Amino acid sequence: MAYDYNKSQALIIGMTDTDEKVTAASGRISTQEGTALSIWDKSQDKEKNANLIGKVTASGHTSTVEHTYFQLAFQNVTAVVEQFIIEFRLASYTVKSRRYVNFSDAGFYVPEFNDDEIETSYKAHMSKMFALYDELCENGVLREDARFVLPYCLYSNFFCSVNGREFLNMLTAMICGRGAKYPEIKKLGLELYEQAMKKAPGIMSSFKMDKAVNDVPDLSFIDVKPQHTSTPVELLAYTPDAAKCVARNALISGKNLATEQIEAIISDEDTTKKIVEAVVKCKRPRPLECVNYTLRFNNVSLSCITHFARHRIQSIEIPELIKTDRMSYIIPPVLKDKPELLAKYENAFKETAAEYERLKNLGVPEELLVYYQLSGNTLDIVTTMNARQLMLFMRLRSCTRAQWEIQEYAVDALKKLRAIEPLIFNFYGPSCFVSACPEGRMTCGRAAEIKEKFSNLK
């Protein structure tokens, strides 16, 4: 297939090499006699498979669709699309990194304003932001900090692999749900729909797009103006007596002890600590999954939010991008010693906010003005993770190799978690603290220093 490498589009570039056969076979296996392979042999007819899948999914048995995978390429789509798509957690993503790749010539999306004056001013403003990005990079500002002035209309490119069930959820949100009000997102959803109808007619037979889907709660009855807080991390809720919960689970699965026996054992704090340590150091620390923590991260840059969203095993809530306060933004520490660049940096946010307000007063809808925000603008997010996922989060995000902003959030969160449950979280930190550094030649070479720091972190 010949691709247009400049066109903005969403493409199904690959699919499970068995097409819909495994999905059809899985629809048959629960109700038919025979072995797995004999049923597989009966599932080779494309038309019969499509009909069967349609009947099975119509009755609500959509788990069979998970056996078919789609590989998607999102080419020259905006960061708005990127943020929307990567929130689907039952999928895998790899995004062109704005920490490492130069985005000077990435280009940007131009919405259909249907107004020549607005379109001209839009292009001029966005070009100015890219020019400032270039200037920052040329003056020694690292790309991971210069990226904060990149507007969210920038072109992003990424790959996504997703099972059929989550793919249908994605299409629903893009075409009929919360993404449908954004012309760019709906257009890309329709592109994927047309391709999928040809490649997987059985799976797509259950897809309905004839009516809107209500996938955002209506909170219009709450009329309160948002306030900002300077507290970076708030621990909103957590499982009480978490260490004992972990120890109980470990003793049930590992020793099959009665509850009375377990309670006697974990009444001793030192024993509980040893059990938790054994769990943490195990390659399969499943008992950690029984305890949960809800954390609020405040004033997170849009760029940093993508780092949070990449952790798949969590329940994360990210406000719609149209809710961004364009005068709330992050200032990278490197600019504090560069007053001239700092002034230009801050002015970029002021000018963008002013242009947003001007166009809003002219009646331009929020769905088009969403591109008038910079990557350094901030939102507050909330997430719930179990202790096992938090261990992975801390290993990656409290490491010196992590981007400095999320590193600060991770360390602050770890302090708060240690304060309420030291028997678990005293064992948490970057990989070199928990076990060994996995970075190879990219290591910071400060393992001893890092171990001392996290041993005394409070």
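Predicted model: local features only at pLDDT ≥ 70, side-chain atom pairs only at ≥ 80, totals over all residues.
Two strands count as paired if DSSP finds at least two bridges between them, and helices (H or I, at least four residues) and strands (E, at least two) are DSSP runs numbered from the N terminus. Residues are numbered from 1 along each chain as its sequence is written, and side-chain values use heavy atoms, with hydrogens and water left out.

Start with the sheet. Its four strands form an open, antiparallel arrangement in the order β1-β2-β4-β3. β1 (9–15) and β3 (91–95) sit at the edges with a single partner strand each, so one side of each has no neighbour in the sheet. From one strand to the next, the twist averages 20 degrees. β3 runs antiparallel to β4 (residues 155–163), and five bridges join them; T94 has F159 in β4 as its bridge partner.

Helix α7 (residues 164–175) lies across β1, β2 (69–78), β3 and β4, at about 135 degrees to β4 (angles run from 0 to 180 degrees between N-to-C directions, with axes fitted to C-alpha atoms, for helices over the stretch in contact). Helix α8 (residues 183–199) also packs on the sheet, touching β1 and β2 and making about 30 degrees with β1; contact means heavy atoms within 4.5 Å.

Then there are helices α1 (residues 21–29) and α3 (residues 46–58), packed at about 55 degrees with axes 9 Å apart. In α1, K21, T23, A24, G27 and R28 meet K48, N49, L52, I53 and V56 of α3.
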